[in-house]
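Thanks for coming, everyone. Please bring up the model on your screens, and I will walk you through it.

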Amino acid sequence: MSALCHVHDVTLFHFKPRPPPLALARCLRGFRSSLPAPKRAGFIALLLTKAFPFLLHIPEWLPGSWIRRKAKEAYAWRNEMTRSLYGYVQQRVDSKDRMNASMVSDHITRMDKFDASYRSEYETALKHTSVAVLVAGADTTSATLMTFTLAMVENPQVWKLAQAEIDPVVGTGRLPEFDDRPSLPYVDAIVREVT
């Protein structure tokens with residue numbers, strides 16, 4: 001989760017690795033469920049709408065227009081997610097809570113210097129950029145973890161060598177930390193290979 005919350009070593013939304021707030025979890029779940037799944041021929045429908053964009057403009061009452069309804073649902077959930085995430089940080093900035101520096105909070109404080117018309121455009125761009133980074137990070141993190149898991153299952157000898165390197169450095173009482181990385185060159189190589 002922490003990989004989702006950092007962009008170039010700067011916290012994105014102040015979230016520390018812990019369960020996400022209920023509003024965020026609800027938004028992400030709703031957004032994901034509103035997208036057509038490949039198992040339900042959604043992938044084919046998405047390809048068809050890319051090839052034939054007029055399919056997004058057919059009337060909703062016409063049979064086969066489910067893709068348009070799903071697109072509206074996804075759009076509504078995206079807007080809710082954007083509003084919810086930005087509102088969370090805005091509330092923390094306004095209440096002067098002690099928080100980590102983040103991309104969003106830094107830009108919110110910078111916006112005070114802008115005139116009202118530019119501030120509105122800037123706020124909209126900030127909202128969309130921050131959500132895009134979060135969603136892109138979720139896909140990247142998920143793909144990296146799946147690739148790592150598959151590689152370890154298919155190559156148990158690599159996993160055993162990595163574990164043999166970790167045990168003397170870290171022991172069994174704690175998890176590896178970034179400070180341990182120079183002492184774990186084999187594990188570092190595995191991580192670099194996967195990412």
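Let's start at one helix contact. Val158, Leu161, Ala162, Glu165 and Ile166 in helix 6 meet Pro185, Tyr186, Val187 and Ile190 in helix 7. Contact here means heavy atoms within 4.5 Å. Sort the residues of this contact, and you get 8 nonpolar, no polar and 1 charged. For the sorting, Ala, Val, Leu, Ile, Met, Phe, Trp, Tyr, Cys and Pro count as nonpolar, Asp, Glu, Lys and Arg as charged, and the others, Gly among them, as polar.

A word on where this comes from. The model is predicted: local features need pLDDT of at least 70, side-chain atom pairs count only at pLDDT 80 or more, and totals for chains, interfaces and linings use all residues. Residues are numbered from 1 along each chain as its sequence is written, and side-chain values use heavy atoms, with hydrogens and water left out.

Now the geometry of that contact. Helix 6 covers residues 156-170 and helix 7 covers residues 185-194. Their axes are 8 Å apart, at an angle of about 135°. Axes are lines fitted to C-alpha atoms, for helices over the stretch in contact, and angles run from 0 to 180 degrees between N-to-C directions. Helix 6 and helix 7 are therefore oblique to each other. The cut-offs: under 35 degrees is roughly parallel, over 145 roughly antiparallel, 65 to 115 roughly perpendicular, and the rest oblique.

What sits in the loop between helix 6 and helix 7? Leu184 is found there. Leu184 is buried, because its relative accessible area is 4%. Buried means under 20% relative accessible area, exposed over 50%, and partly exposed in between, with a 1.4 Å probe and protein chains only. Leave aside neighbours within four places in sequence, and Leu184 is in contact with Glu165, Ile166, Val169 and Pro176. Take Ile166: Leu184 is 18 residues from Ile166 in sequence, and 6.8 Å from it in space, C-alpha to C-alpha.

Met152, Val153 and Glu154 in helix 5 meet Pro156, Val158 and Trp159 in helix 6. That contact divides into 5 nonpolar, no polar and 1 charged. The axes of helix 5 and helix 6 are 5 Å apart, at an angle of about 100°. Helix 5 and helix 6 are therefore roughly perpendicular to each other.

Stay in helix 5 for Thr140. Is Thr140 buried or partly exposed? At 49% relative accessibility, Thr140 counts as partly exposed. Thr140 and Thr195 are 55 residues apart along the chain, with 9.1 Å between their C-alpha atoms.

On to the aromatic rings. A pair of aromatic rings is described by the distance of the centres and the angle of the planes. How many aromatic pairs does a search of the whole structure find? It finds 3. One of them joins Tyr118 and Tyr122: 5.9 Å centre to centre, 45° between the planes, so by the cut-offs a tilted pair. Rings of Phe, Tyr and Trp (its six-membered ring) pair if their centres lie within 6.5 Å; planes under 30 degrees apart count as stacked, over 60 as edge-to-face and the rest as tilted.

Both tyrosines lie in helix 5, residues 116-154. Tyr118 and Tyr122 are 4 residues apart, about one turn of the helix. Tyr118 is partly exposed at 41% relative accessible area, whereas Tyr122 counts as buried at 17%.

Phe114 joins in: ring pairs link Phe114, Tyr118 and Tyr122 into a cluster. Phe114 is found in the loop between helix 4 (103-111) and helix 5. Phe114 counts as partly exposed, at 25% relative accessibility. Not counting residues up to four places away in sequence, Phe114 touches Arg119 and Tyr122.

Last, the whole protein. There are 7 helices and 2 strands, in the pattern β-β-α-α-α-α-α-α-α along the sequence. Helices (H or I, at least four residues) and strands (E, at least two) are DSSP runs, numbered from the N terminus. Of the 195 residues, 29% count as buried. Among contacts between residues at least 6 apart in sequence, 55% join residues at least 24 apart.
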